[in-house]
Amino acid sequence: MLNYRQLHYFWVVAKTGSIVRACEQLNLTPQTISGQISLLEQTYGVELFRRVGRQLELSEAGRQALPYAEQMFQLGNELQAMLRARPDEQQIPFRVGVADVVPKSIVYRLVAPTMELSEPIRLTCREDKLERLLADLAIQRLDLVISDSPMPPHLDIKGYSQKLGECGISFFATQELARLHGANFPQGLHGAPLLIPGQETVVRSRLLRWFAEQQLQPRIIGEFDDSALMQAFGQSGSGIFIAPSVIADEVQQQYGVQLIGQTDAVAESFYAITVERKVKHPGIVAITEGARRELFTPLGH
């Protein structure tokens, strides 16, 4: 059996960065903590820390072990909170994975209805690459993954994709760029400085195909997987940028930019991926129903 006390000492030292700080947090002596970590290392024949001068650094084995310890003690804290709560105060855990290419504003508007449920929800959101999130979904570390694409067919993971909705895209620019390139949309985009989503996104290929169909050649000056970073560069005047049309008003208010055009010919889609075909979790139900009822409307309406 894994000695959880020894693992806990390893985790605290790794998080605080030194045995001295771990002693202050745990109210133990350095000899106790270092001795217990040494026993853990001897049990499994690995070295978890290396001493570099007066500092401790995680070894390769330590770096690999830390995320597991992190999850174990996070779950332990959640278990304690659940057991200590009165029956009428117990929260339903809801662990949501968000593909890092999905705009944060869309994620918020999708997940917000879960905060209004009669059942108390304990929400945990984690952002990562889609394939890593789906691996955690498969072993039930996540209840739901929100993505801009359905479950990839090449992955050997059982999962079901529900389309939450789709919308067209809008183009935004600072006042100066809008004055130079905002007239006569979309022809005004020809030769204009443009910020586009990165290769990880689905909308990128659709956008480039639309440019070709319109015989437009914007001057692409930046590519971004993170939509918030792209919008920050757009706010500075670096280039024209895009965002889903359903958040067009929010983008204008938040970044102080102008809407110069919209098109439904380039659609962004969003999906809820689960391991169960018939969804039962109240949080997932709230997201799917809220998306279809309030956030997305059919294109062209």
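This is a predicted model: local features need pLDDT of at least 70, side-chain atom pairs count only at pLDDT 80 or more; totals for chains, interfaces and linings use all residues.
Leaving aside its neighbours within four places in sequence, which residues is serine 227 in contact with? Keep that one in mind for a second while I say hello. Hi everyone!

Serine 227 is in contact with Pro103 and Lys104, once residues within four places in sequence are set aside. The serine has its place in helix H9. Is serine 227 buried or exposed? With a relative accessible area of 10%, serine 227 is buried.

H9 covers residues 227-235, and it packs against helix H10, residues 248-255. The angle between the two is about 55 degrees, and their axes are 10 Å apart. H9 and H10 are therefore oblique to each other. The crossing, as H9 passes H10, is right-handed. If you want to find this contact on your screen, look in H9 for Ala228, Gln231, Ala232 and Gln235, which meet Val251, Gln254 and Tyr255 of H10. Sorted by class, that contact has four nonpolar residues, three polar ones and no charged ones.

Now let's go to the start of the chain. Helix H1 and helix H4, which is residues 60-84, have axes that come within 10 Å and cross at roughly 110 degrees. That makes H1 roughly perpendicular to H4. Quite a list of residues takes part here. On the H1 side we have Tyr4, Leu7, His8, Phe10, Trp11, Ala14 and Lys15, and they meet Gly62, Ala65, Leu66, Ala69, Glu70, Met72 and Phe73 on the H4 side. How do the residues of this contact divide by class? There are 10 nonpolar, two polar and two charged residues in the contact of H1 with H4.

At 1% relative accessibility, valine 13 counts as buried, because the cut-off for buried is under 20%. Not counting residues up to four places away in sequence, valine 13 touches Ser18, Ile19, Ala22, Ile33, Ile37, Phe49 and Leu56. For a sense of distance, take valine 13 and arginine 292: they are 279 residues apart in sequence, and their C-alpha atoms are 47 Å apart in space.

Next, the aromatic rings. How many aromatic pairs does a search of the whole structure find? The search finds eight. One of them joins phenylalanine 10 and phenylalanine 49, a tilted pair at 5.5 Å centre to centre, with 55 degrees between the planes. Phenylalanine 10 lies in helix H1, residues 4-16, while phenylalanine 49 lies in strand S1, residues 49-52, so this pair ties together parts that are 39 residues apart in sequence. Both phenylalanine 10 and phenylalanine 49 are buried.

Here is another pair to look for. The ring centres of phenylalanine 224 and phenylalanine 233 are 5.1 Å apart and their planes sit at 40 degrees, so this pair is tilted. Phenylalanine 224 counts as buried at 11% relative accessibility, whereas phenylalanine 233 is partly exposed, with a relative accessible area of 37%. And there is an aromatic cluster too, formed by Phe171, Phe185, Trp210 and Phe211.

Let me point out leucine 208 as well, which lies in helix H8, residues 203-213. Leucine 208 is partly exposed, with a relative accessible area of 32%. Setting aside neighbours within four places in sequence, leucine 208 is in contact with Ile196 and Ile220. Between the C-alpha atoms of leucine 208 and isoleucine 247 there are 21 Å, and the two residues are 39 apart along the chain.

My last stop is one more helix packing. Helix H5, residues 104-111, packs with helix H11, residues 282-295, at an angle of about 110 degrees, and their axes are 8 Å apart. That makes H5 roughly perpendicular to H11. Which residues make the contact? From H5 they are Arg109, Leu110 and Val111, and from H11 they are Ile287, Ala291 and Leu295. By class, the contact of H5 with H11 has five nonpolar residues, no polar ones and one charged one.

Methods: Residues are numbered from 1 along each chain as its sequence is written. Side-chain values use heavy atoms; hydrogens and water are left out. Rings of Phe, Tyr and Trp (its six-membered ring) pair if their centres lie within 6.5 Å; planes under 30 degrees apart count as stacked, over 60 as edge-to-face and the rest as tilted. Helices (H or I, at least four residues) and strands (E, at least two) are DSSP runs, numbered from the N terminus. Buried means under 20% relative accessible area, exposed over 50%, partly exposed in between (1.4 Å probe, protein chains only). Axes are lines fitted to C-alpha atoms, for helices over the stretch in contact, and angles run from 0 to 180 degrees between N-to-C directions. Angles under 35 degrees count as roughly parallel, over 145 as roughly antiparallel, 65 to 115 as roughly perpendicular and the rest as oblique. Contact means heavy atoms within 4.5 Å. Ala, Val, Leu, Ile, Met, Phe, Trp, Tyr, Cys and Pro count as nonpolar, Asp, Glu, Lys and Arg as charged, and the others, Gly among them, as polar. A crossing is left-handed if the near helix is turned anticlockwise from the far one by less than a right angle, and right-handed if clockwise.
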